[in-house]
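The sequence and the structure are shown first.

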Amino acid sequence: MGTSTEAGARPGDEGSVPEPFQVRPAMPGDAAAFVQMWRAVVAERKFVRTERAPHSVRYYRRRYFRRSWTDEQASIVAVSGERVIGHLNVSREESPVTRHVASIGMAVARDWRGRGVGSALMVEAIRWGRHFRVEKLALSVYPDNEAALSLYRKFGFQVEGRLTGHSKKSIGYRDEVVMGLWLIDRAAQ
């Protein structure tokens with residue numbers, strides 16, 4: 001797994017040294033720090049589908065972080081010291097006709113956004129996909145999340161459609177932009 005020390009300083013922090021962070025498969029010991037980060041992102045009620053984070057540390061430790069890099073899924077964390085500052089889950093579709101596709105979900109702690117964490121997580125997700133012969137990565141994002149849209153475009157994701165009112169949140173219905181990245185040359189297939 002990669003280690004990133006390329007995290008850029010925040011705007012206005014001229015002359016400051018970027019804080020290093022590491023990107024790697026999640027481990028059971030990351031569960032408590034992950035839950036803390038996840039609950040903070042969920043509480044923003046803006047970037048992720050859910051508005052609740054009901055699962056316990058034990059749930060994540062046993063269900064997601066015990067086997068975090070398999071041919072079925074990867075649970076990848078970005079950590080700075082003991083703190084989980086970002087998380088990406090990528091998992092294969094279950095149906096035989098969509099097994100070639102893996103879906104991505106990602107969250108980055110508010111104070112670490114714009115510092116290379118999302119890019120580092122995405123590099124590892126693409127590496128996982130290529131390693132396990134996934135043909136396509138897919139995700140959805142809210143249309144007003146310009147930073148995420150820009151990140152995904154940077155990695156070559158293309159807009160494939162828009163799901164109107166797909167999320168029903170406490171603030172109302174939210175559209176979702178569907179994006180995909182082919183990891184194979186479809187013309188050669």
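1. Because eleven of the 15 residues of helix 3 are buried, the helix is largely enclosed by the rest of the structure.

2. The model is predicted, and its confidence values deserve attention. The chain has a mean pLDDT of 90, with 90% of its residues at 70 or more. Over residues 1–13, however, pLDDT stays under 50, and the model has 31 contacts beyond four places in sequence for this stretch. Where pLDDT is low, the predicted coordinates should not be read in detail.

3. The dimensions of helix 3 may also be noted. From its first C-alpha to its last, this 15-residue helix reaches 21 Å, close to the 21 Å expected at 1.5 Å a residue. Arginine 133, which follows helix 3, has a positive phi, near 60°.

4. Helix 4 (residues 146–154) has Ala148, Leu149, Leu151 and Tyr152 as buried residues. These residues lie on the same side of helix 4, because they cover an arc of only 160° around the axis. Glu146, Ala147 and Lys154, on the other side of helix 4, are exposed.

5. Against what do the buried residues of helix 4 pack? Their partners are strand 5 (101–108), helix 3 (117–131), strand 6 (136–141) and strand 8 (172–182). Just after helix 4, glycine 156 adopts a positive phi of about 95°.

6. Aromatic pairs number ten in the structure. In one of them, the rings of phenylalanine 34 and tryptophan 38 have centres 6.2 Å apart and planes at 10°; the pair is therefore stacked, as the angle is under 30 degrees. The two residues are four apart in helix 1 (residues 31–43), which means that about one helical turn separates phenylalanine 34 from tryptophan 38.

7. Phe34 and Trp38 form one aromatic cluster with Tyr59, Tyr60, Tyr64 and Phe65.

8. Two arginine side chains also meet aromatic rings. Over the ring of tryptophan 112 sits the charged end of arginine 115, 4.0 Å from the ring centre. The ring of tyrosine 142 has the charged end of arginine 174 over it, 4.1 Å from its centre.

Definitions and conventions. Residues are numbered from 1 along each chain as its sequence is written. This is a predicted model: local features need pLDDT of at least 70, side-chain atom pairs count only at pLDDT 80 or more; totals for chains, interfaces and linings use all residues. Side-chain values use heavy atoms; hydrogens and water are left out. Rings of Phe, Tyr and Trp (its six-membered ring) pair if their centres lie within 6.5 Å; planes under 30 degrees apart count as stacked, over 60 as edge-to-face and the rest as tilted. A charge sits over a ring if NZ of Lys or CZ of Arg is within 6 Å of the ring centre and within 35 degrees of the ring normal. Buried means under 20% relative accessible area, exposed over 50%, partly exposed in between (1.4 Å probe, protein chains only). The arc is that of the directions from the helix axis to the C-beta atoms. Contact means heavy atoms within 4.5 Å. pLDDT is the predictor's confidence in each residue, from 0 to 100. The expected span of a helix is 1.5 Å times one less than its number of residues.
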